[in-house]
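Here are a few friendly notes to read beside the model. Take them one at a time and find each residue in the viewer as you go.

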Amino acid sequence: MKKNEVFIGICSGYDNDGLGVVKHQGFVLFVKGLLIGEEAEIICTLVKKNYGYGKILRLISVSKNRNEKKCEVYKTCGGCMLWHMNDYEQQYFKTEKVKSCFSSIAGMDVEVLDTIKMDEPIRYRNKVQVPVGVFDDKLKMGFYKNRTNEIVEFSDCFVQSELSNKIIDFFKFELNKYDFKNDIRHILIKHAHKKNEVMVVIICKKMLHEYNEFLKKLVSTFKEIKSVICNLNDRKDNVILGDKEIVLFGESVIKEELCGLVFNISSKSFFQINPYQTEILYNKAIEFAKIGSCDTVLDLYCGIGTIGMVASKYAKKVIGIEIVNEAIEDAKINAKNNNIKNIDFYCMDAGEGAKKIVDEKIDIDVVIVDPPRKGLDNLAIESILKINPKKIVYVSCDPATLARDCKIFDQKGYTIDIVQPIDMFPHTSHVETIVLLQRADT
């Protein structure tokens, strides 16, 4: 196969990013936007040693699972990759992705339940981070093109709320009038869907100290804005939020309701992006764990305490551990505001926190873990094994590291009872997964 060679091919499967897999004369190519069973005229755009990449020139046959509703910038924006798939094809892709990770990474043939789809898979995001650039004194806002620093502008992002889109439009048109636009790096919007409260975080190279004309117009235009914060970030890397910030308007937090509880959300606290699917995720995790009134639950990577507080309704005691101090402070306030008295929080690394439980000989019945994409480190796994809970509920945003960690638990006497993917990010290649691991002697 040579670059720019044109051929006719049929898609036989997907890779982990949702690219179509096409085999031509023993050579494998990955083609964006091609569905299983579709035949297309394809041009080879890049050749590696054992594989290559191609681009569709012409569709010859079209799958019944092709989605004809298109985002205007989907092909260039680095956000959504799967707009060409309808919800059934996305469900199939994500279920198979989880299966493939357990098979190829863990060498485990496990039953994976069908991915739980979202009923209305649009307008679900409660958080948006938009990079800001000024070129020839003209402001540009949008999302980064995949694997580049090029900003792709948009008029309507279908996975964000309409209110978030309107606020971004306001910034696009109004900010051009002000010189301080040159100091802005990102605009972060958090929109609590149920409470309809909004936080706007302006991330700047230089701190904005004054409540100026622009901000007055912003908050008068959008009554839903309850907080405007300036965050100082003069770093040279890709980290979005800096350490210093001041409140320019309103409060330092907004409130949101989830699973019948109310949570304070600050600029730096982690809160699940899709509030609709999050309720399903948490309720499924609690359902699988079958937490009893005499059980003590350990919630590692607890964030602002969301899943631990949901679990507290059923447990005797919950202990939450999180390394981000601001999140722990929010968690303590959230527990107090919801009158939850059977939960404690510790600001510690997950591994060190689990070790603390071991050292203090606290009996734990259920461990809930919801780690970042990199999964559990060795200390966390070793400490969980020493805690020796009856059940581990592993919530993961990356099936690859999930499979890797589950293999270790399996080798140490925990069997996988349930693998349940949930589509938290429709139109992207990401999938959230809950795994219930049970100690073999229980």
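The points below go through aromatic rings, charges over rings and salt bridges.

1. Please keep in mind that this is a predicted model. For the rings, the count comes to 14 aromatic pairs. A pair of aromatic rings is described by the distance of the centres and the angle of the planes.

2. Start with Phe-30 and Tyr-53. Their ring centres are 5.8 Å apart and their planes meet at 45°, so this pair is tilted. Phe-30 belongs to strand β3 (residues 27-31) and Tyr-53 to strand β5 (residues 51-59), so to speak two distant parts of the chain, 23 residues apart. Phe-30 has a relative accessible area of 17% and is buried, whereas Tyr-53, with 29%, is partly exposed.

3. Next, look at Tyr-178 and Phe-214. Here the centres lie 5.6 Å apart with the planes at 70°, so the pair is edge-to-face. Tyr-178 sits in the loop between α2 (162-174) and β10 (184-192), while Phe-214 is in helix α3 (residues 213-221), 36 residues apart. Are these two residues, Tyr-178 and Phe-214, buried or exposed? Both Tyr-178 and Phe-214 are buried. They also belong to a cluster joined by ring pairs, together with Phe-170, Phe-171, Phe-180 and Phe-222.

4. Rings can have charged neighbours too. Lys-32 lies over the face of Tyr-74, 5.7 Å from the ring centre. In the case of Tyr-346, the charged end of Lys-356 sits over the ring, at 5.1 Å from its centre.

5. Now for the salt bridges: the structure holds 20 of them. One links Lys-99 with Glu-96, whose closest N and O atoms are 3.3 Å apart. Both residues lie in helix α1 (residues 87-104), three residues apart, which is about one turn of the helix. Lys-99 is partly exposed at 34% relative accessible area, and Glu-96 is partly exposed at 30%.

6. Helix α4 (residues 275-289) holds Lys-284 and Glu-287, three residues apart, about one turn of the helix. Their side chains meet in a salt bridge of 3.7 Å, N to O. Lys-284 counts as partly exposed at 24% relative accessibility, and Glu-287 is partly exposed at 44%.

7. Finally, compare the two partners in the salt bridge of Asp-405 and Arg-404, with closest N and O atoms 2.9 Å apart. Asp-405 is buried, at 0% relative accessibility, but Arg-404 is partly exposed, at 34%. Elsewhere, Glu-174, Lys-177 and Lys-217 are linked in a network of salt bridges.

Note on methods:
Residues are numbered from 1 along each chain as its sequence is written. This is a predicted model: local features need pLDDT of at least 70, side-chain atom pairs count only at pLDDT 80 or more; totals for chains, interfaces and linings use all residues. Side-chain values use heavy atoms; hydrogens and water are left out. Rings of Phe, Tyr and Trp (its six-membered ring) pair if their centres lie within 6.5 Å; planes under 30 degrees apart count as stacked, over 60 as edge-to-face and the rest as tilted. Helices (H or I, at least four residues) and strands (E, at least two) are DSSP runs, numbered from the N terminus. Buried means under 20% relative accessible area, exposed over 50%, partly exposed in between (1.4 Å probe, protein chains only). A charge sits over a ring if NZ of Lys or CZ of Arg is within 6 Å of the ring centre and within 35 degrees of the ring normal. A salt bridge is a side-chain nitrogen of Lys or Arg within 4 Å of a carboxyl oxygen of Asp or Glu.
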